[in-house]
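My notes are below, in the order in which I looked things up.

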Amino acid sequence: MFYLRRLTTVATRIVHPHLTATNLVWKSSSLYRPFSVNYPKKVVSTRSISFSTSCDKVMAASKIQLYSLATPNGMKVGIALEEMGLEYEAHTIDIRNGEQFEPSFVAINPNSKIPAIVDPDGPDGKPITVFESGAILLYLAKKSNKFLPEEPRLKWETIEWLFFQMAGVGPMFGQFGHFFLFAKEKCKDPYPLERYANEAKRLLGVLEKRLEGREYIIDAGYTIVDMATFPWVHSLEEKASDFLEYSKYPNVIAWKSRCLQRPATIRGLKVCSIS
Ligand SMILES: N[C@@H](CCC(=O)N[C@@H](CS)C(=O)NCC(=O)O)C(=O)O
């Protein structure tokens with residue numbers, strides 16, 4: 001883990017050479033809250049990092065560097081990288097231990113959330129950092145020329161449904177998961193769970209209608225929209241299928257099963273797995 005942290009720090013220096021390598025503060029949390037936004041964090045140690053020549057090969061990294069964890073948001077990017085056949089190196093950021101708050105990671109994503117990438121070969125040939133899973137998917141689709149249709153109407157439909165996932169499915173399913181799984185004991189008021197369960201069901205209904213007579217969300221075939229959406233649908237099906245009445249959404253279930261039949265997608269789901 002220490003070596004991975006050093007890789008993260010070195011990659012950060014590639015794109016943020018103004019950062020110093022010393023006095024980086026590592027923050028940790030004893031609580032695992034994949035869906036949470038505000039949970040207690042405490043600094044457990046402070047140590048200095050120094051660079052040695054053994055890290056030089058990382059300074060010359062030619063592959064995309066992925067910083068992630070296999071949560072529904074993290075899985076999106078693992079799937080995209082595998083499906084697109086892009087070369088990459090994956091680094092696990094353990095949000096259970098507060099690694100998303102380490103300065104070296106904050107330099108890559110100022111919002112302290114996974115996933116994030118560093119591409120040493122950005123659009124202008126120089127290194128670039130990209131955070132927010134939707135932005136990363138668009139970036140990778142453009143780089144690989146895959147999974148984002150070129151035909152203008154289909155392209156805008158793809159972007160439209162990607163925003164639907166980013167602004168609707170992700171946040172609402174996430175809040176539902178928080179109140180259903182993690183805040184069960186903390187919050188006795190039924191209102192938040194009801195609100196987010198109703199919204200999750202409503203969104204499943206929107207998807208159900210969209211998938212009527214369609215194999216994938218966009219008619220062009222499997223796209224970055226499916227990669228962004230099905231990990232959330234799959235995750236809540238595993239945890240709350242009865243509560244959210246998944247049996248009422250047969251088109252959604254059939255589509256999710258189709259996504260799960262793709263070997264590269266299966267590989268992508270396992271990138272940065274939580275052990
Ligand atoms: N909108 C962001 C959301 C990312 C996000 O919420 N990531 C979660 C894991 S699924 C995280 O890093 N949580 C850590 C925290 O909240 O401290 C995206 O899609 O990239």
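This is a predicted model: local features need pLDDT of at least 70, side-chain atom pairs count only at pLDDT 80 or more; totals for chains, interfaces and linings use all residues.

Entry 1, the helix pair. I looked up helix α6, residues 152–182, against helix α7, residues 191–210, and found that their axes come within 9 Å and cross at roughly 140°. I noted the hand of this crossing of α6 and α7 as left-handed. On the α6 side I listed G168, V169, M172, F173, Q175, F176, F179 and F180 as making the contact, and on the α7 side P192, L193, Y196, A197, E199, A200 and L203.

I traced an open sheet of four strands in the order β4-β3-β5-β6, and its pairing is mixed. Which strands stand at the edges? They are β4 (88–92) and β6 (128–131), and because each has a single partner strand, one side of each is left without a neighbour in the sheet. From one strand to the next I recorded a twist that averages 20°.

Entry 3, inside the sheet. I then followed β3 (residues 64–68) and β5 (residues 116–119), which pair in the antiparallel sense over three bridges; for Q65, the bridge partner in β5 is V118. Last, I looked at helix α3 (residues 72–84), which packs on the sheet and touches β3, β4 and β5, with its direction making about 155° with that of β3.

Terms used
Residues are numbered from 1 along each chain as its sequence is written. Axes are lines fitted to C-alpha atoms, for helices over the stretch in contact, and angles run from 0 to 180 degrees between N-to-C directions. Helices (H or I, at least four residues) and strands (E, at least two) are DSSP runs, numbered from the N terminus. A crossing is left-handed if the near helix is turned anticlockwise from the far one by less than a right angle, and right-handed if clockwise. Two residues are in contact if their C-beta atoms, placed from the backbone, lie within 7 Å. Two strands pair if DSSP finds at least two bridges between them.
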